[in-house]
Amino acid sequence: MENERLTRRIDEKALRAWRLSGWISTGVYAVITVALLVVTLKFDWPIWIPVLVFILACIGAYLEVNLMPRLRYKQWRYAITEHEIELQHGIYFRKRTLIPMIRVQHVDSKQGPILRAFGLATVTFSTAAGSHEIPALTEGRADEVRRQIAQLARLSDEEI
Amino acid sequence: MKKSEEGVQGGKHRLHPVSLVFFIAKTAKDLVYPLIAFLVSTVFRDGVNWLWVAGGAGLFLLLLFLLAWLNWYRFVYVIDRGSLLVEHGIWVRKKVWISGDRVQSVDSTAGLLHRPFGLVKLQVETAGGKKPEAILTAIPIAEAERIRLALTSRKPGVITEEPSMDLAMEPNSGQENQGEQAAGSLTVHGNASAARVPAEEPIKAKAILPMKDLLIYSSTSGQIGIVLALLGTGFSQLDNILKNFNVWEELEHYLGATWYVWGAIIVLILAWLFAFLGTVLTEYGFTLKLEDDKLIIERGLLERKQVTISLDRIQAIHLVENALRRPFGLVSVRVVTAGYSGGKEGQTGLMFPIVRAVELEGFLQQFAPKFSVPADWTPLEPRALRSYLFIPVLITAAMAILAMVLIPYRLGWIAWILPLVTACWCWLSFKQAGWSTGDRQIAIRYGGLSRQRALIPRQRIQWHEVTQSPIQARRELATLRVALTSGAARSLFSVRHASASAAHHLSTWISTRKGK
C-alpha cells in the first residue's frame with residue numbers, strides 16, 4: 001500500500017487537537033462515572049455497575065486521548081496533483097482513495113471550536129457521489145489547497 | 001385552456017385546470033392542523049353550536065379552494081432556449097431555473113385522473129437533490145412532449161434553433177390542445193408526437209416486452225419480500241383489534257391443529273399474488289425506444305409512466321440475473337443514472353425487464369452501443385476464498401454452537417445447517433466475483449445465487465478506493481470500490497478480495513486518462 005507519491009501529512013497540531021477533544025470526552029466520562037457512583041451508594045445498587053463503567057471510561061479515555069489520535073495521525077497521507085487527489089487513511093482498514101480533479105464539484109473548509117483554537121481546518125471535497133475530507137490542515141495550508149483545487153478543477157472542467 | 005392562458009404574457013404557461021385537484025389535495029394537507037384545532041375547539045365541547053360548525057366548515061372549504069386556486073394561478077412556467085423556468089408560490093415567490101444541459105431525466109406520468117383529459121404529470125430531474133426539481137402536475141401530452149424535446153435535445157444545432165422553433169409552435173399548441181381534448185387522448189398522442197417529432201428524430205430502435213415475458217418477469221420478481229413486510233406491519237396493527245375476538249381459536253376449529261402451516265402457505269400465496277399483480281400493473285406494456293440519442297421508457301397499465309434518459313447521461317449499465325431467472329438465462333437490464341432510479345435508495349432504474357442472455361449483446365448494441373458485455377472475466381485467485389469464508393462462517397458457527405447449548409433434546413444440531421448454507425453462499429460469491437477491463441470500460445461481476453454485472457465506462461467513475469484490512473494485507477488481497485453518481489445517493493460497486501497487485505493495477509488503469 002505504500003506509495004511514494006503520497007508525501008503530504010496532516011498538520012502535527014492535529015495530534016494535540018484530537019488529544020484535547022479526547023480529554024474533553026474523558027471529562028464527560030468522569031462526570032458520568034462519579035454521578036453513577038453517587039447514585040449507586042445512595043440507592044444501594046450493586047457496586048459492579050459503577051466499577052464496570054469506570055473500567056469502560058478508562059479504556060475509552062486511553063483510546064481517545066492516546067491511541068486513536070496517534071494512529072490516525074500516523075496513517076493519514078495525502079497528495080494533490082494536477083489530475084487527482086489521493087488520500088490514504090484508516091486505522092484498521094487502510095483506504096486509499098483517488099478522486100479525479102475533474103470530478104470535484106466544490107471544496108469547503110470548516111472549523112469546529114477545537115480546531116479553531118489550534119488554527120486548523122478540515123477541507124472537504126464534494127463529488128457527485130459523496131464527499132471526502134482531509135481532517136486537519138493549518139488554515140493557511142487549507143486555503144492553499146482549496147485555491148489549488150479550485151484552479152485545477154476549473155482547468156479540467158467537464159460535464160457530470 | 002384558452003381562458004387560463006389569458007393574462008399570461010411572454011410565453012408563460014399555466015397548468016391545466018385539472019391540476020387544481022392536486023393543488024386542493026396539497027393545500028388540504030397543509031390545512032389539516034388548523035382544521036383539527038377548529039374541530040377540537042368547536043365540536044368536542046358541551047353544547048355544540050352547529051351553526052358555528054357549518055359556518056366553519058364552509059369557511060374552511062372556501063379558504064381551501066381559494067388557496068388552491070391562488071396556488072394554481074401563481075404557478076407559471078416558461079420554456080426558453082432549452083431551459084425551463086418555473087415560478088410558483090403565493091406569499092413567497094419561488095423561481096426555479098433548470099438548464100437543459102443539466103437535466104438528467106424527464107419523466108411523465110399519466111394517472112387515472114389524467115388519462116380522460118389527455119394530460120400528464122411531468123417531472124424534471126437534475127443531478128442534485130432528492131426531489132425532482134420541477135413537477136408540473138397536469139399538462140397536455142403535446143405540451144409535455146414539447147418541454148421534453150426542448151430540454152433533452154442536445155445537438156448544438158438544435159439548441160440554437162430552439163427559440164424560433166418554440167415561437168413557431170406556440171400558436172398551434174393551444175389549438176392542438178383543444179382538439180386533443182375533444183378527440184380523446186390516447187389516439188391523439190401518436191399524432192401529436194408525430195407532428196412534434198421533426199424528421200431528424202427518427203425512432204432508431206424499439207422493443208416492447210411481450211406478454212409472456214411480462215408474466216415471467218412478474219412471477220419471478222423479488223417483490224414478495226416487500227409485500228410480506230407490508231403484510232407484517234399491517235398484521236401487527238390488525239392483531240391489536242383482533243385480540244378482542246377469539247379469531248385464532250376459531251381458525252383452529254376450522255382448519256385443525258395445523259392451521260398455522262396452512263395459514264403460512266395461504267399468506268405466502270397471497271403475498272406472491274399481490275407482488276405478481278403489482279408488477280404486472282407497473283410494468284405492463286413496457287416499451288423501450290431509442291429516439292435520436294435518448295432512451296424513452298414507457299410502462300404501466302393504470303398509471304402510464306414515461307421516462308426519457310439521454311444516452312450520455314447513463315452512468316453505467318447494470319445486468320441483473322436473479323436466482324429464479326438465472327437458470328433460464330433471463331437478464332434484467334438496468335441503468336445507473338443521476339435522475340431515474342428504482343425508487344428505493346441504491347437501486348438502479350429498469351431499462352428493460354427481460355432480455356435473453358443470447359440476445360443481450362445485440363440488445364446493448366442496439367440501445368446503448370457504448371456498452372458491451374465482456375466475454376473474458378478475470379476471476380479471483382484461489383487464496384481469496386479463505387477471506388470470503390472466514391468471517392461469515394465464524395459468526396454463523398458461533399451462532400450454531402450457541403443454539404446447541406440453548407436448544408434442548410439435541411435439536412441444536414440442526415443449527416449447523418446455517419454455517420453450511422453460509423459457506424455454500426460464500427463459495428458462490430467467490431466464484432461470481434470478477435472483473436474485466438475493456439477499451440474504455442470496466443466491468444464488475446458479483447453476486448451469490450444471483451449474478452450481477454456492472455458495465456462502467458471509465459470516465460464515469462467519480463472516485464475509487466482500494467481498501468486493505470490487516471488480514472487482507474497478510475494474504476496480499478485488497479478490495480477495490482468504485483463510486484458512481486446516482487441521484488442523491490451514490491452507487492458503489494466493488495471487487496472484494498482481489499489480489500493486491502491486481503487491485504492496484506486496476507486503480508492505476510482507472511486513473512490513467514487517455515488523450516490527456
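This is a predicted model: local features need pLDDT of at least 70, side-chain atom pairs count only at pLDDT 80 or more; totals for chains, interfaces and linings use all residues.
Residues are numbered from 1 along each chain as its sequence is written, chains are lettered from A and ligands numbered from 1 in the order in which they are written, and side-chain values use heavy atoms, with hydrogens and water left out.

**The four-stranded sheet**

Let's start with chain B, where four strands make an open antiparallel sheet in the order 1-2-3-4. Helices (H or I, at least four residues) and strands (E, at least two) are DSSP runs, numbered from the N terminus, and two strands pair if DSSP finds at least two bridges between them. Strand 1 and strand 4 (94-99) of chain B are the edge strands, each pairing on one side only. Helix 5 (residues 141-152) of chain B packs on this sheet and touches strand 1, strand 2, strand 3 and strand 4 of chain B; contact here means heavy atoms within 4.5 Å. The helix direction makes about 45° with that of strand 2 of chain B (axes are lines fitted to C-alpha atoms, for helices over the stretch in contact, and angles between N-to-C directions run from 0 to 180 degrees).

The rule asks for a side-chain nitrogen of Lys or Arg within 4 Å of a carboxyl oxygen of Asp or Glu. B:Glu87 lies in strand 3 (residues 83-88) and B:Lys12 in the loop between helix 1 (2-5) and strand 1 (13-14) of chain B, so the pair ties together parts 75 residues apart in sequence. Over all chains, the count comes to 17 salt bridges.

**The seven-stranded sheet**

Further along chain B, seven strands form an open antiparallel sheet in the order 14-13-12-18-17-16-15. Strand 14 (349-356) and strand 15 (378-379) of chain B each have a single partner strand, so one side of each is left without a neighbour in the sheet. Helix 8 (residues 211-219) of chain B packs on the sheet, touching strand 13 (330-336) and strand 14 of chain B.

**Antiparallel pairs side by side**

| Strand pair | Bridges | Facing residues |
|---|---|---|
| Strand 2 (76-80) and strand 3, chain B | five | B:Ile79 and B:Leu84 |
| Strand 16 (434-437) and strand 17 (441-446), chain B | four | B:Ser436 and B:Ala443 |
| Strand 3 (94-100), chain A, and strand 19, chain B | five | A:Arg96 and B:Val466 |

**Where chain B meets chain A**

The last pair in the table crosses between chains, with strand 3 of chain A running antiparallel to strand 19 of chain B. In all, 27 residues of chain B are in contact with 22 residues of chain A. Strand 19 of chain B gives the most to its side, with six residues. How many salt bridges does the rule find across this interface? Zero, for chain B and chain A.
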